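Welcome! Have the sequence and the 3D view ready, and work through the exercises below one step at a time.

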Amino acid sequence: MTSGAAGTTRPVPWQRAPWQRVATGDDAVAVAERAALGTSARVAVWPPENLGAACAVTGDVLAALDLQASRFRPDSELSWLNEAGGGLFMLGDGLAEAVGVALAAARWTGGLTDPTVGAALVSLGYDRDFAAISRGGEPPGGQDGEPPGAPVAAPGWPLVRLDGPLLRLPPGIRLDLGATAKGLGSDRAVRAVMFATGHQGGILVSLGGDIAVAGTPPRDGWPVAVAEEPDQAVPSQLVRLAAGAVATSSVSCRRWRRGGAVLHHIVDPRTGHPADGPWRTVTVAAATCADANAASTAAIVAGARAQDWLTTAGLPARLTGHDGRVRRLGGWPADDGAPVPVPRGSHVYPGGPR
């Protein structure tokens, strides 16, 4: 049995970047943002005097998650695990929780999300931080990478066994926690901020649009902009979130070229190919951000079965097809500024939302 990743770690560049205050026109709420985990992080709080503590705590939470679960840091615990070639491992508490959430999500979605897709993503060329693949959100014009390797179907999440901190990983399996890690980060951050501020006021944390809230919301709920394209100037819809979480998955971002083909980061674990269903973007509301993150990814992979799966799961959702048509399920509002209903209970955290 092997325990822990050893060695000296240094802060990565995003950890040294300061939080930047964002003007909102509302003196009752304070907002700041910065780069984090290969995406953007945003913190919104009331009362405004909680902003400094909220940013510091959120930064610490995200730095810890990066060191635990990043597939792109050679000094992360997950990278060490993936390079070990299989075996029995004693995980740190943070990575044990992250792997447990990913396995629970795979069980819940029937394998539509699967943390054993690591080798599939590497074969497609997603083998480093996305900023190193494309500096924009779209395939770089005039650039092309080597043809992708042969598709690698996921070996399957049931092969991975986790018992508390003890992980049994068969040889040849590389883990990727992308279907749940951002959601987990947002969930951890709002819990930590509420603890640090004495459970006063309210907090919203967004990681690349995967949003968790906690505490008492502003009147009418936190405003959440729903977008269907990266860097969309005018959101497609504005909704209100009083509790729980909202997450979005899209095939319109994190795209790159390999051998003349345009690829994206949401892989169908059953085939090893990028998901090719009818949905461009799926936004889901759930009790926790890890639940919403897993469900939105699962819906993209499910393709034509997504509406049935989301309806059975009882989750409010907004789906946008490649043809631009929008489908709303589970009470997702049609009007701007309307509240999003959030179901109770978690499928990915033991004992429900934390």
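**Exercise 1.** Is Leu37 buried, partly exposed or exposed?

*Solution.* Before starting, note that this is a predicted model, in which local features need pLDDT of at least 70 and side-chain atom pairs count only at pLDDT 80 or more, while totals for chains, interfaces and linings use all residues. Residues are numbered from 1 along each chain as its sequence is written, and side-chain values use heavy atoms, with hydrogens and water left out.

Step 1: take the scale, where buried means under 20% relative accessible area, exposed over 50%, and partly exposed in between (1.4 Å probe, protein chains only). Step 2: Leu37 has a relative accessible area of 21%, so this residue is partly exposed.

**Exercise 2.** Which residues does a cis peptide bond join?

*Solution.* Step 1: the cis bond links Trp46 and Pro47, with omega about -5 degrees. Step 2: Pro47 is placed in the loop between strand 4 (39–46) and helix 2 (51–69).

**Exercise 3.** How many salt bridges does a search of the whole structure find? Look at some of them in turn.

*Solution.* Step 1: the search finds 10. A salt bridge here is a side-chain nitrogen of Lys or Arg within 4 Å of a carboxyl oxygen of Asp or Glu.

Step 2: one of them pairs Arg73 with Asp66, at 3.0 Å from N to O. Arg73 is buried at 8% relative accessible area, and Asp66 is buried at 7%. Asp66 and Arg73 are also part of a salt-bridge network that includes Asp75.

Step 3: now turn to Asp323 and Arg325, whose closest N and O atoms are 3.8 Å apart. Here Asp323 is exposed at 55%, and Arg325 is exposed at 54%.

Step 4: a further salt bridge joins Glu97 and Arg191, with 4.0 Å between the closest N and O atoms. Glu97 is in helix 4 (residues 93–108) and Arg191 in helix 7 (residues 181–196), so this pair ties together parts that are 94 residues apart in sequence. Glu97 is buried at 16%, whereas Arg191 is partly exposed at 25%.

**Exercise 4.** Which residues that line the second largest pocket are the closest to its centre?

*Solution.* Step 1: the second largest pocket holds about 150 Å³ of space. Step 2: of its 12 lining residues, the closest to the centre are Ala96, Glu97, Gly100, Leu162 and Pro350. A pocket is an open set of points on a 1 Å grid over the protein atoms alone, where a 1.4 Å probe fits, with protein on both sides within 12 Å along at least five of seven lines; lining residues have an atom within 4 Å of a point. The volume is the space filled by probe spheres set on the points, which are joined across faces, edges and corners. Step 3: helix 4 gives the largest share of this lining, six residues.

Technical notes
Helices (H or I, at least four residues) and strands (E, at least two) are DSSP runs, numbered from the N terminus.
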